[in-house]
Amino acid sequence: MREYRDKGKNKINSPMSLMSRIESFQPGYYGPRGAIVIAETLRKLFIDTKILTKSLTIPQTPMEYLQEVLIPEAAVRLIQEDKDITAEKTREIMLESVRFGEYVHNDENQEM
């Protein structure tokens, strides 16, 4: 939210800004396939049921909020549960394991 206040919605959603933050949205070692599974689950729980509305996610759309906040946060909680570690250490592991997840859990390499 601080970035939205400081820079404004248009600047935050610019392609260059999104590219600079893309790794922070990735679910670490769960990779693209994990991101899809997490996103589908969260979409069914919050978007399809209309629990997550535009008025709750302003200045983001519900889908932006899901992608930029809920997916990474769900991944943090899953990794934290996997490793039984603090949230701070979990965030480090999540960022450090993005490349691993992209390679091992690439959506193109696996079937559901």
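Modeller: Contact here means heavy atoms within 4.5 Å. The model is predicted.

Colleague: Which residues does Ser97 touch, leaving out those up to four places away in sequence?

Modeller: On that count, Ser97 touches Gly28 and Tyr29. Ser97 is found in the loop between helix 7 (87–96) and helix 8.

Colleague: Is Ser97 buried or exposed?

Modeller: Buried means under 20% relative accessible area. Ser97 has 9%, so it is buried.

Colleague: What does the side chain of Ser97 reach at 2.8 Å?

Modeller: The backbone oxygen of Ile93. A polar atom of the Ser97 side chain also lies 3.4 Å from the backbone oxygen of Met94.

Colleague: Now helix 4. How should I read the spacing of its buried residues?

Modeller: Start with the general idea: an α-helix has 3.6 residues a turn, so residues three or four places apart point the same way. In helix 4, the buried residues are Gly31, Arg33, Gly34, Ala35, Ile38, Leu42 and Ile47. Helix 6 (62–83) and helix 8 (98–104) are among the elements that cover them.

Colleague: How far does helix 4 reach from its first C-alpha to its last?

Modeller: Helix 4 spans residues 31–47 and reaches 22 Å, close to the 24 Å expected.

Colleague: Which residues have the most contacts inside the largest nonpolar core?

Modeller: Ile38, Leu42, Leu66, Ile71, Ile79 and Met94, in a core of 14 residues. Helix 4, helix 6 and helix 7 each supply at least two residues of this core, and helix 6 gives the most, with seven.

Colleague: What does Ile71 touch beyond four places in sequence?

Modeller: Phe25, Ala35, Ile38, Ala39, Leu42 and Leu66.

Notes
Residues numbered from 1 in each chain as written. Predicted model: local features only at pLDDT ≥ 70, side-chain atom pairs only at ≥ 80, totals over all residues. Heavy atoms only, no water. Helix = DSSP H or I, 4+ residues; strand = E, 2+ residues; numbered from the N terminus. Expected span 1.5 Å × (residues − 1). Buried < 20%, exposed > 50% of the residue type's maximum accessible area, 1.4 Å probe, protein only. Polar contact = N/O pair within 3.5 Å; in protein donor to acceptor, adjacent residues only side chain to side chain. Core = buried A, V, L, I, M, F, W, Y, C linked by side-chain atoms within 4.5 Å.
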